[in-house]
Amino acid sequence: MAPRRKYYVVWQGLSPGIYDSWEECKAQVDGVAGARYKAFGSIEDATAAFRGSYEDQATLLIALAGRKPVITDLSSFPEIRSDAIAVDGACSSNPGPMEYRGVEVATGRELFHVGPLAGGTNNIGEYLALVHALALLDRNGDRTTPVYSDSRTALSWLRRHHSNTKIEPTPQNAKVFELLERANRWVMTHRWSNPVLKWETETWGEIPADFGRK
């Protein structure tokens, strides 16, 4: 039987975040005074724990377990493409722990979820989510599924084929900038025909990928 996969949360280390191998985790905590880290059996548990602190992880896991996906009443808005993917980013401060995800508009089913990662911003998360969705569709040979974003900034960066963040790279946000550079390379070297659409929050309500923190 194959060993069960583990996910490692680093609260205090060189670059706090979630890692999917002990080698990556060890590189962040080895020799760091006061390092705080822990292994989890699922990405969901690891993500929930990282949103809190080392001490209050158990309380947060219980509180976050009941979060429901955002499902828009599509029958009230026939103009919404129900076959689309919706993306969103979230950041608890600016900069701060950042995460992003993509979901099916029709069902709210999560297709991908990255983070939390230290030292990001909401704009970076929104942009990474948008590029992640397009890259996923491209990898699957899908040239028609639309992608919704509610971020004018992320849509602007995508049109320019490059991000325009004002924050500077640091050891703490190294993973964020690694993803950002990868996303910039992807949009500069790929072309897509999938419609990229603005989610009209004022008319339709929160985007289905919303993290529910407003």
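Biologist: Where does P116 sit?

Modeller: P116 is in strand β6. Helices (H or I, at least four residues) and strands (E, at least two) are DSSP runs, numbered from the N terminus. The model is predicted, so local features need pLDDT of at least 70 and side-chain atom pairs count only at pLDDT 80 or more, while totals for chains, interfaces and linings use all residues. Residues are numbered from 1 along each chain as its sequence is written, and side-chain values use heavy atoms, with hydrogens and water left out.

Biologist: OK. Is the peptide bond from G115 to P116 cis or trans?

Modeller: The bond between G115 and P116 is cis, and its omega is near 10°.

Biologist: Which strands make up the sheet that holds β6, and in what order?

Modeller: That open sheet has 5 strands in the order β6-β5-β4-β7-β8, with mixed pairing. Two strands count as paired if DSSP finds at least two bridges between them. β6 and β8 (196-198) are the edge strands with a single partner each, so one side of each has no neighbour in the sheet. From one strand to the next, the twist averages 25°.

Biologist: How many bridges join β4 to β5?

Modeller: There are 7 between β4 (residues 85-91) and β5 (residues 96-104), and the two strands run antiparallel. I85 has E104 in β5 as its bridge partner. Helix α2 packs on this sheet, touching β5 and β6, and its direction makes about 35° with that of β6. Contact means heavy atoms within 4.5 Å. Angles run from 0 to 180 degrees between N-to-C directions, with axes fitted to C-alpha atoms, for helices over the stretch in contact.

Biologist: And how do β5 and β6 run relative to each other, parallel or antiparallel?

Modeller: Antiparallel, with 6 bridges joining β5 to β6. M98 is paired with L117 in β6. The hairpin of β5 and β6 has 5 residues between the strands, and G108 there takes a positive phi near 80°.

Biologist: Which residue other than glycine has a positive phi?

Modeller: H161 does, with phi near 60°. H161 is in the loop between α5 and α6. Helix α5 (residues 152-160) lies across β7 (147-149) and β8, at about 150° to β8.

Biologist: Different spot now. What is D142 in contact with?

Modeller: Setting aside neighbours within four places in sequence, D142 is in contact with L137 and N194. D142 belongs to the loop between α4 and β7. D142 and N194 are 52 residues apart in sequence, and their C-alpha atoms are 8.0 Å apart.

Biologist: Back to the start of the chain. What is the strand order in the sheet with 3 strands?

Modeller: β2-β1-β3, in an open sheet with antiparallel pairing. β2 (17-19) and β3 (36-40) each have a single partner strand, so one side of each is left without a neighbour in the sheet. The twist averages 20° from one strand to the next.

Biologist: Which helices pack on it?

Modeller: Helix α1 (residues 22-29) touches β1, β2 and β3, and its direction makes about 10° with that of β1. Helix α2 (residues 43-50) touches β1, β2 and β3 too, with its direction at about 5° to that of β1.

Biologist: Now pockets. How much space lies in the largest one?

Modeller: About 700 Å³. A pocket is an open set of points on a 1 Å grid over the protein atoms alone, where a 1.4 Å probe fits, with protein on both sides within 12 Å along at least five of seven lines; lining residues have an atom within 4 Å of a point. Its volume is the space filled by probe spheres set on the points, which are joined across faces, edges and corners.

Biologist: Which lining residues are closest to its centre?

Modeller: Of 23 lining residues, those are Y100, V114, H132, K175 and L179. β2, β6 (110-120), α4 (122-139) and α6 (174-189) each give two or more residues to the lining. The largest share, 6 residues, is from α4.

Biologist: Where does the pocket lie?

Modeller: Between domain 1 (7-52) and domain 2 (74-198), because both give residues to the lining. The domain bounds come from an automatic or database domain assignment.
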